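Have the structure open as you read.

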Amino acid sequence: MKVAIFAGGFGTRLSEETSIRPKPMVEVGNRPIIWHIMKMYAQHGFNEFVVLGGYKVDYIRDYFLNFRGQRSDYTIDLSTGEVQWHDDLPENWKITVLDTGGDTMTGGRLRRARKFLSDGPFCLTYGDGVSDVDITALVRQHRESKKWCTLTAVTQPGRYGALRLNDDRNEVEAFREKGAKDGGLINGGFFVCEPEIFELIDGDQTVWENEPMDRLVERGMLGSYHHDGFWQSMDSLRDKVVLEDIWATGAPWKTWND
């Protein structure tokens with residue numbers, strides 16, 4: 001199963017960093033946060049990624065094109081260009097980096113990647129959030145539910161819009177606007193999707209979190225996986241500092257050994 005990652009936004013609330021790089025390339029513990037996200041998925045056996053780039057996409061392209069050379073000893077024959085690598089990397093990933101447009105909205109970015117994601121169910125997430133969510137259990141529940149999309153519901157007070165779930169807590173019935181003291185469940189951004197969702201996206205200016213989500217709710221096709229553990233997005237410089245502090249003291253999302 002492939003993993004699509006939103007990585008094309010401007011990241012204006014983190015402008016201290018994103019003036020020179022896209023937000024998924026902002027570092028936590030000296031590694032871009034997108035690397036942390038990929039490591040999370042790889043721990044569950046998902047090693048094929050489709051990066052939905054846009055703003056400063058060349059930064060992402062250069063990072064992965066030079067990924068091995070930055071982490072491995074090698075011998076290069078400059079006359080032929082032949083490279084002999086002396087170290088094996090723990091990351092056996094296959095990565096597709098797409099330029100989905102500088103001004104394209106999230107739904108439009110996803111729609112532009114349709115030909116890479118239409119061969120079966122796929123995971124979808126944002127390139128700025130980490131969690132210790134059990135992705136294997138999320139995928140298993142999605143398969144059993146027969147929904148077109150399953151999102152991960154997490155608890156986060158404050159600035160996010162909340163969800164209303166059914167009594168079994170496995171289907172989204174409605175969205176509520178965010179409130180200053182709203183401590184309800186929110187969309188944590190870890191999705192599993194069926195190719196049918198592409199029919200719900202109108203074009204480049206469609207926001208994934210708006211019309212497509214509403215249409216899924218109307219059809220009873222938006223499932224919910226409840227995660228009680230750690231979740232944190234990186235929307236601001238303060239969030240980056242929080243993540244750096246957590247990383248330094250033992251990050252809950254770090255389940256790998258290297």
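## Buried rings

A residue counts as buried when its relative accessible area is under 20%. Phenylalanine 67 has a relative accessible area of 8%, so this residue is buried. Keep in mind that the model is a predicted one. Tyrosine 63 also counts as buried, at 9% relative accessibility.

## Aromatic pairs

The count of aromatic pairs comes to 17. One of them joins phenylalanine 49 and tryptophan 93 edge-to-face, at 5.6 Å centre to centre and with 70 degrees between the planes. This pair links distant parts of the chain: phenylalanine 49 belongs to strand S4 (residues 48-53), while tryptophan 93 sits in the loop between strand S6 (82-85) and S7, 44 residues apart. Both phenylalanine 49 and tryptophan 93 are buried.

What about tyrosine 63 and phenylalanine 67? Their ring centres are 5.6 Å apart and their planes stand at 85 degrees, so this pair is edge-to-face. Elsewhere, ring pairs connect Trp35, Phe230, Trp247, Trp253 and Trp256 into a cluster.

## Charges over rings

Arginine 71 lies over the face of phenylalanine 67, at 4.0 Å from the ring centre. Arginine 31 lies over the face of tryptophan 35, with 4.4 Å to the ring centre.

## The second largest pocket

The second largest pocket holds about 170 Å³ of space. Its lining includes Phe67 and Trp93, along with Arg61, Glu91 and Lys94. Helix H3 (57-65) and strand S7 (94-99) are the elements that give two or more residues to this lining, and S7 supplies the largest share, three residues. By type, the lining residues divide into six nonpolar, three charged and no polar.

Key. Residues numbered from 1 in each chain as written. Predicted model: local features only at pLDDT ≥ 70, side-chain atom pairs only at ≥ 80, totals over all residues. Heavy atoms only, no water. 1 Å grid on protein atoms, 1.4 Å probe; cavity = no way out; pocket = protein on both sides within 12 Å on 5 of 7 lines; lining within 4 Å. Points joined across faces, edges and corners; volume = space filled by probe spheres on them. Helix = DSSP H or I, 4+ residues; strand = E, 2+ residues; numbered from the N terminus. Nonpolar A, V, L, I, M, F, W, Y, C, P; charged D, E, K, R; others polar. Phe/Tyr/Trp six-rings, centres within 6.5 Å; stacked < 30°, edge-to-face > 60°. Buried < 20%, exposed > 50% of the residue type's maximum accessible area, 1.4 Å probe, protein only. Lys NZ or Arg CZ within 6 Å of the ring centre and 35° of its normal.
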